[in-house]
Amino acid sequence: MKRIITATVQNRSGVLNRITGLMQKRQFNIDSISVGKTEVEQISRMTFVVEVEDMQKLEQLTKQLHKQIDVLKVADITENAIVARELALVKVVCPPASRNELQSIIAPFRASAVDISKDSMIVQVTGDTDKIEAFLELVRPYGIKELSRTGVTAFLRGHQPQAADGNTYSLITN
Amino acid sequence: MKVKAQAVQERKPAAKTPKTGADLFVEALQAAGVDTIFGYPGGAVLPIYDALYRAEPRFQHILTRHEQGAIHAAEGYARVSGKPGVVIATSGPGATNLITGIADAMMDSLPLVVFTGQVGRSVIGTDAFQESDVIGITTPITKHNYQVQKQEDMPRIIKEAFYIATTGRPGPVVIDIPKDISGEAYESSLDGGDVHLPGYQPTTKPNSNQIKKLTQAIVEAKRPILLTGAGILHAKASEEVRAFAKRYQLPVTSTLLGLGAYPASDDQFLGMAGMHGTYAANRALYECDLLINVGARFDDRLTGHLEHFAPQATIAHIDIDPAEIGKIIPTAIPVVADAKAALQALQEAEAAIPDIQPWRDHLQQYKLEFPLWFNNPVQDLIPQWVMQAVHKATNGNAIITTDVGQHQMWAAQYYGFDQPDRWVTSGGLGTMGFGFPAAIGAQLASPDSTVISVVGDGGFQMTMQELSVLQERKLPVKVLIVNNQSLGMVRQWQEFFYQERYSESLLDVQPDFIKLADSYNVKGVRLETQEQLVAELPALLQSKEPVVIDCRVLRQENVFPMIAPGKGLHEMIGVSR
């Protein structure tokens with residue numbers, strides 16, 4: 001099952017290596033990882049999407065992460081109400097004749113053409129993983145020359161549904 | 001140049017030299033209360049060794065003959081003294097020679113603070129002479145590691161390293177010090193300030209609800225068993241565990257590393273459990289309805305096939321490392337705490353004492369019916385019998401260190417540890433070459449104890465160059481080579497599981513260990529018969545001098561009983577003759 005895990009870490013040299021090394025050592029598969037600074041100086045936030053077999057393995061992963069001295073906080077937010085986004089840059093084959101057609105695909109995805117040359121176009125698309133997959137599916141027939149994705153970064157929503165609000169939901173299905 | 005070959009050399013009067021980063025290092029070690037260092041000099045640690053030369057008061061620096069010897073000695077020192085072992089090695093090969101010991105200390109939770117030299121900052125990353133990526137290499141095998149990037153960080157880093165190594169679940173911490181950091185002038189003194197590690201807050205006090213749950217489970221259990229692990233030794237909780245076991249009359253078993261936490265001669269003790277544990281201990285784990293694990297980590301050599309490990313039991317697990325709870329076995333009652341604090345809380349909890357006499361009688365029956373056994377021919381030395389003889393000659397009071405393999409299992413089975421911190425063995429990593437240097441560290445930690453390094457003829461040859469340390473320091477370590485002229489455990493497995501194809505496991509060609517000892521000016525004795533051993537061993541072990549005893553034991557002897565790999569606790573072989 002895919003899980004979204006966030007970790008708040010001290011921004012020290014080697015911290016990313018510690019985390020990815022730990023996952024490799026304990027045989028966890030990282031789907032994606034994104035890292036960046038936070039509102040607090042010297043503190044970074046990492047978001048991983050990992051593939052784990054079962055809840056026992058998941059618990060092991062969060063505990064092992066937490067054991068790292070540079071890791072301040074670990075949370076599995078898969079079951080929470082979250083905002084999860086990634087960004088993809090796609091260089092699509094695009095002779096002048098198909099520009100309009102591609103524009104009509106871009107619009108409903110609220111993606112944008114960020115670069116146009118005589119036979120290709122770079123499109124920037126942001127959203128959850130499903131949306132990006134759907135977009136790529138649509139432009140694939142035109143020919144994708146290059147693709148680069150940032151990996152998911154995610155946040156808890158400001159309001160978390162309580163038990164009375166019904167089940168919590170996940171943007172990434174199990 | 002004049003060189004004096006004495007242990008304590010005369011020192012040149014300290015000329016007025018400017019203070020360097022290495023002096024900050026020395027001050028930080030003094031502040032941490034370090035008096036003994038195991039190490040080996042080299043290019044990148046020249047400034048550090050210069051500062052050690054000038055330091056007042058002097059550190060006791062043990063110059064081993066290989067860095068691996070230094071770190072295993074530090075492990076033995078840490079295991080016996082409870083204090084962190086301190087190691088210094090140079091960059092590149094010096095540092096990489098430490099890797100086995102660092103990994104060993106990580107597996108067996110031994111507190112070490114390891115300093116490695118590094119090339120100067122300006123050439124890090126250029127494949128400079130004797131450069132190696134120590135931080136990259138040691139990250140997966142340390143509790144934490146640091147590279148000192150600025151001189152003024154050194155006191156803080158060293159302070160944090162000692163704190164991290166010795167608190168929570170102990171472990172090794174590596175500090176990599178570039179040569180320019182230690183070499184450049186630094187005029188003032190700095191202290192490390194207060195340790196502030198927001199990401200490291202070990203839980204030591206147990207949750208009272210879990211203590212209640214566990215107490216309730218004990219009251220209700222019909223077939224409880226107490227499993228003692230090394231966590232009890234690290235927490236210095238032997239008395240507490242004993243009081244707890246006595247209160248409920250619990251049957252007790254132990255992991256390999258936990259031996260000595262509970263007295264072996266006590267009649268509630270069933271012996272060690274696991275692959276070469278006693279039948280009674282393994283049956284108890286198999287049949288129990290409540291397993292109380294204090295400070296053990298359910299290693300595969302203990303559990304055997306997981307499907308058959310305590311299949312009917314409620315599992316309670318007390319551990320200071322939350323990541324160990326639920327790692328291997330789903331745990332109904334998790335208690336994250338220091339073993340001492342948890343056992344004290346359990347003792348304070350009020351509870352009716354359950355009647356488990358039928359269960360105790362049942363296990364006692366196993367104990368009587370299926371004790372450890374070996375064939376004892378009249379003449380030859382049988383290794384199991386030798387271990388009993390060693391116990392007898394030392395009244396069970398010696399510190400025993402071992403490598404890994406047959407001799408280790410025999411020592412574990414037959415020495416019978418009644419006291420904590422007398423058993424120093426490489427459990428998790430299973431390191432050949434560990435025992436002898438570890439004995440050097442153990443002897444330094446406990447100068448008045450009889451320290452016996454029980455080693456195989458294979459393992460001793462991996463680190464025997466440390467005989468130099470015995471020669472130099474006049475350390476009265478006793479090396480007892482259980483010499484079966486083979487890599488015994490490998491040979492045993494080849495006999496059982498590879499149709500007696502003894503591939504590269506027979507050591508027919510050996511050095512003459514007596515002459516070897518002699519060349520280091522250490523007494524060497526060969527023992528070949530029971531008669532000779534009975535006559536000579538007590539005096540040899542009581543001697544105030546170092547001794548190498550080449551004990552020629554029966555080559556084909558095997559370790560029994562045994563759980564074959566992949567089998568369950570209830571499938572022991574070789575239970576009786």
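Author: Let us start with residues 20-134 of chain B in this predicted model. Over that stretch the chain is 43% helix and 17% strand, and its end C-alpha atoms are 23 Å apart.

Reader: What does UniProt list for residues 20-134 of chain B?

Author: An unreviewed UniProt entry lists them as "domain: Thiamine pyrophosphate enzyme N-terminal TPP-binding".

Reader: How should I read a helix, and how many residues of helix H18 of chain B are buried?

Author: In general, an α-helix has 3.6 residues a turn, so residues three or four places apart point the same way. In the present case, helix H18 of chain B spans residues 435-445 and is mostly covered, with eleven of its eleven residues buried. Among them are Phe436(B), Ile440(B) and Leu444(B), together with Gly435(B), Gly441(B) and Gln443(B).

Reader: Into which domains is chain A divided?

Author: Chain A has domain 1, residues 2-76, and domain 2, residues 84-153. Their C-alpha centres lie 29 Å apart.

Reader: How many residues of each domain of chain A are in contact with the other?

Author: The size of an interface is often given as the accessible area lost when the parts come together. Here the description is by contacts: six residues of domain 1 of chain A meet five residues of domain 2 of chain A. On the domain 1 side, strand S2 (29-37) and strand S3 (43-51) of chain A each give two or more residues. The largest share, three residues, comes from S2(A). By class, that side of domain 1 of chain A has three nonpolar, three polar and no charged residues.

Definitions and conventions. Residues numbered from 1 in each chain as written. Chains lettered and ligands numbered in written order. Predicted model: local features only at pLDDT ≥ 70, side-chain atom pairs only at ≥ 80, totals over all residues. UniProt positions renumbered as here; feature names shortened; annotations may be inferred. Helix = DSSP H or I, 4+ residues; strand = E, 2+ residues; numbered from the N terminus. Domains from an automatic or database assignment. Contact = placed C-beta atoms within 7 Å. Nonpolar A, V, L, I, M, F, W, Y, C, P; charged D, E, K, R; others polar. Buried ≥ 20, exposed ≤ 12 C-beta atoms within 10 Å, placed from the backbone.
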